Amino acid sequence: MPLLLAHGELDQRVNFSQFKRMKSALKDSSADVTYMEFEDEDHYLSNEENRQDFFKALDEFLKENLGERAREESVEILVCFQKNVRLT
């Protein structure tokens with residue numbers, strides 16, 4: 001099962017230790033996990049460079065695991081996120 005797990009070390013909503021615990025627990029699983037750790041990031045991906053890196057990785061992850069249709073949908077999500085628009 002593919003899984004993308006991303007977390008910022010400065011996250012004050014979900015402590016980074018929870019990410020580390022999840023990463024450790026998944027190490028022995030059969031899950032195909034892609035990890036992204038952001039040393040200088042909070043819960044909201046406030047750093048523009050980190051946000052872009054995350055969405056590029058998300059786009060690639062969805063493309064690899066769900067095919068081209070997912071790419072089209074991830075572009076729509078990215079545009080909404082950048083414009084701060086809620087998806088309904």
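Buried, as used in this note, means under 20% relative accessible area, with exposed over 50% and partly exposed in between (1.4 Å probe, protein chains only). With that cut-off, arginine 51 counts as buried because its relative accessibility is 16%.

A word on the basis: this is a predicted model, in which local features need pLDDT of at least 70 and side-chain atom pairs count only at pLDDT 80 or more, while totals for chains, interfaces and linings use all residues. Residues are numbered from 1 along each chain as its sequence is written, and side-chain values use heavy atoms, with hydrogens and water left out.

1. **Overall layout.** The protein has three helices and two strands (DSSP runs, numbered from the N terminus: H or I of at least four residues for helices, E of at least two for strands). Along the sequence the pattern reads β-α-β-α-α. Of its 88 residues, 27% count as buried. Among contacts (heavy atoms within 4.5 Å) with a separation of 6 or more, 51% come from residues 24 or more positions apart.

2. **The strand pair.** Strands E1 (residues 2–8) and E2 (residues 32–38) run parallel and are joined by seven bridges; two strands pair if DSSP finds at least two bridges between them. Between E1 and E2 the chain passes through helix H1 (residues 16–27), and this β-α-β crossover is right-handed. Right-handed here means that, with the strands pointing away from the viewer, the path from the first strand over the helix to the second runs clockwise. If you want specific pairs to look at, alanine 6 has methionine 36 as its bridge partner in E2, and histidine 7 has glutamate 37.

3. **Aromatic pairs.** Rings of Phe, Tyr and Trp (its six-membered ring) pair if their centres lie within 6.5 Å; planes under 30 degrees apart count as stacked, over 60 as edge-to-face and the rest as tilted. By this rule there are three aromatic pairs. One of them, phenylalanine 19 with tyrosine 35, is edge-to-face, at 6.3 Å centre to centre and 90° between the planes. Phenylalanine 19 lies in H1 and tyrosine 35 in E2, so the pair ties together parts that are 16 residues apart in sequence. Phenylalanine 19 counts as buried at 3% relative accessibility, whereas tyrosine 35 is partly exposed at 29%. Phe16, Phe19 and Tyr35 form one aromatic cluster.

4. Glutamate 9 sits in the loop between E1 and H1 and is partly exposed, at 37% relative accessibility. Not counting residues up to four places away in sequence, glutamate 9 touches Phe16, Phe38, Glu39 and Glu41.

5. **Aspartate 40.** This residue belongs to the loop between E2 and H2 and is partly exposed, with a relative accessible area of 44%. Which residues does aspartate 40 contact, leaving aside neighbours within four places in sequence? They are Leu10, Asn47 and Asn50. With leucine 10, 30 residues apart along the chain, the C-alpha separation is 6.2 Å. The side chains of aspartate 40 and asparagine 50 make a polar contact of 3.0 Å. A polar contact is a pair of N or O atoms within 3.5 Å; within protein, one must be able to donate a hydrogen and the other to accept it, and residues adjacent in sequence count only if both atoms are side-chain atoms.

6. Most residues other than glycine have a negative phi. Leucine 45 is in the loop between E2 and H2 and is buried, at 14% relative accessibility. The side chain of arginine 51, in H2, reaches the backbone oxygen of leucine 45 at 2.5 Å. Arginine 51 also has a 2.3 Å polar contact with glutamate 48, side chain to side chain.

7. **Helix H2.** H2 covers residues 48–66. At 1.5 Å a residue, its 19 residues should span 27 Å, and the end C-alpha atoms are 26 Å apart, which agrees; the expected span is 1.5 Å times one less than the number of residues. At its start, a side-chain oxygen of asparagine 47 comes within 2.9 Å of the backbone nitrogen of glutamate 49. The buried residues of H2 include Phe54, Phe55, Leu58, Phe61 and Leu62. After H2 comes glycine 67, with a positive phi near 95°.
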